[in-house]
Amino acid sequence: MTAVGAPQERAELAPLVTEPEHPAPARRSPRGRGRVATWLLYAALAAVTVAFVYPFVWLVSASFKPRSEVFDNKLIPDTFTLHNYVQVWHEAPMALWLLNTVVVTVLATAAVTVSSAMVAWGFSYFRFRGRGPLFGLVLATMMLPGAVTMIPTYLIWDSLGQVGTLTPLWAQNLFGSAFYIFLLRQFFLGLPRELFEAARMDGANQWQVFTRIALPLTRPALVVTALFEFQAAWTDLMRPLIYLRDSSTFTIPRGLKAMLDQFGFGGEWHWEIVVTASVIATVPMIVLFFLGQRHFVEGIATTGSKG
């Protein structure tokens with residue numbers, strides 16, 4: 001009886017273990033969610049890129065338009081002309097302004113990079129009493145607004161007879177910059193001190209250790225410092241407005257301000273000249289960034305990892 005009844009009992013119990021009529025919905029795989037998040041990230045980056053690039057694209061487009069079509073808000077000009085790029089060199093001494101800007105920018109960049117590296121090396125390598133408070137005092141100078149030191153600095157240069165020359169635009173960089181000193185010091189602290197001690201045991205003096213070992217190892221940070229200062233000096237308008245009087249000493253930003261006063265708000269309304277000069281002033285910075293972007297990204301990454 002047991003052998004015969006067992007199959008019947010199993011047959012009666014079989015329907016009880018069948019699958020439910022309404023199966024649970026399948027969960028979305030993590031890979032699918034990751035793809036959606038990636039595409040959303042790409043869309044956000046594309047939107048931000050367009051927002052940043054559009055003004056420059058508009059500026060370039062307007063520089064190829066005649067005066068009546070400058071503000072038509074079309075990226076593809078209805079009337080394409082190169083006359084603006086010819087006319088701008090006749091309306092203003094652009095070549096002289098570019099030369100002045102190059103001189104000021106190169107001198108300012110070289111001065112602040114070398115001086116900041118020397119000060120940063122002193123704070124990172126040498127051990128002396130009061131090093132911490134003194135470095136804190138250097139960093140505290142970044143908290144001072146530029147308007148606080150503007151008048152005393154002007155009086156100093158005026159007493160030296162340098163107002164109206166290009167000297168005040170770059171010479172104060174000979175004393176370094178607190179931000180660059182902090183940046184380079186953090187990089188120097190990440191270098192192995194044993195390497196410098198070994199060089200000292202081999203007979204190298206302090207200057208040789210700094211120039212032949214420390215500086216080559218900090219090349220990415222030096223490139224970042226130089227690019228930052230190059231951009232700051234190239235686009236600086238405040239100091240040229242304060243110190244420059246004659247148009248023969250104008251830099252590009254000061255010259256653009258003069259052209260805006262003359263052709264923009266001065267009543268002549270030659271906006272095509274203003275936007276064309278703006279493109280000429282902007283292109284060198286874009287070219288410089290593309291040439292140094294590899295070193296720039298490397299320097300930002302390695303400097304950030306030296307904390």
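## A charge over a ring

Arginine 193 lies over the face of tyrosine 125, 4.5 Å from the ring centre. For a charge to sit over a ring here, NZ of Lys or CZ of Arg has to be within 6 Å of the ring centre and within 35 degrees of the ring normal. Another case is arginine 185, whose charged end sits over the ring of phenylalanine 135, 4.2 Å from its centre.

A word on the model: it is predicted, so local features need pLDDT of at least 70 and side-chain atom pairs count only at pLDDT 80 or more, while totals for chains, interfaces and linings use all residues. Residues are numbered from 1 along each chain as its sequence is written, and side-chain values use heavy atoms, with hydrogens and water left out.

## Rings around tryptophan 121

Rings of Phe, Tyr and Trp (its six-membered ring) pair if their centres lie within 6.5 Å; planes under 30 degrees apart are stacked, over 60 edge-to-face, and the rest tilted. That rule gives 21 aromatic pairs. One of them is tryptophan 121 with tyrosine 125, stacked at 4.7 Å centre to centre with 10 degrees between the planes. Both sit in helix α4 (residues 94-125), four residues apart, or about one turn of the helix; helices are DSSP runs (H or I, at least four residues), numbered from the N terminus.

Tryptophan 121 counts as buried at 5% relative accessibility, and tyrosine 125 is buried too, at 6%; the cut-off is under 20% relative accessible area (1.4 Å probe, protein chains only). Tryptophan 121 also pairs with phenylalanine 210, this time tilted: 5.8 Å centre to centre, 40 degrees between the planes. That pair links distant parts of the chain, with phenylalanine 210 in helix α9 (residues 206-217), 89 residues away from tryptophan 121.

## Two nonpolar cores

A nonpolar core is a set of buried Ala, Val, Leu, Ile, Met, Phe, Trp, Tyr and Cys residues joined through side-chain atoms within 4.5 Å. The largest has 25 residues, and Val88, Met94, Trp97, Leu169, Ile252 and Met259 touch the most other members. Elements giving it two or more residues are α4, α10 (219-234), α11, α12 (252-264) and α13 (271-304). Helix α13 supplies the largest share, six residues.

Leaving aside neighbours within four places in sequence, methionine 259 is in contact (heavy atoms within 4.5 Å) with residues including Val88, Met94, Trp97 and Ile273. A second, separate core of 21 residues includes Leu184, Phe196, Phe210 and Leu222.

Technical notes. Buried means under 20% relative accessible area, exposed over 50%, partly exposed in between (1.4 Å probe, protein chains only).
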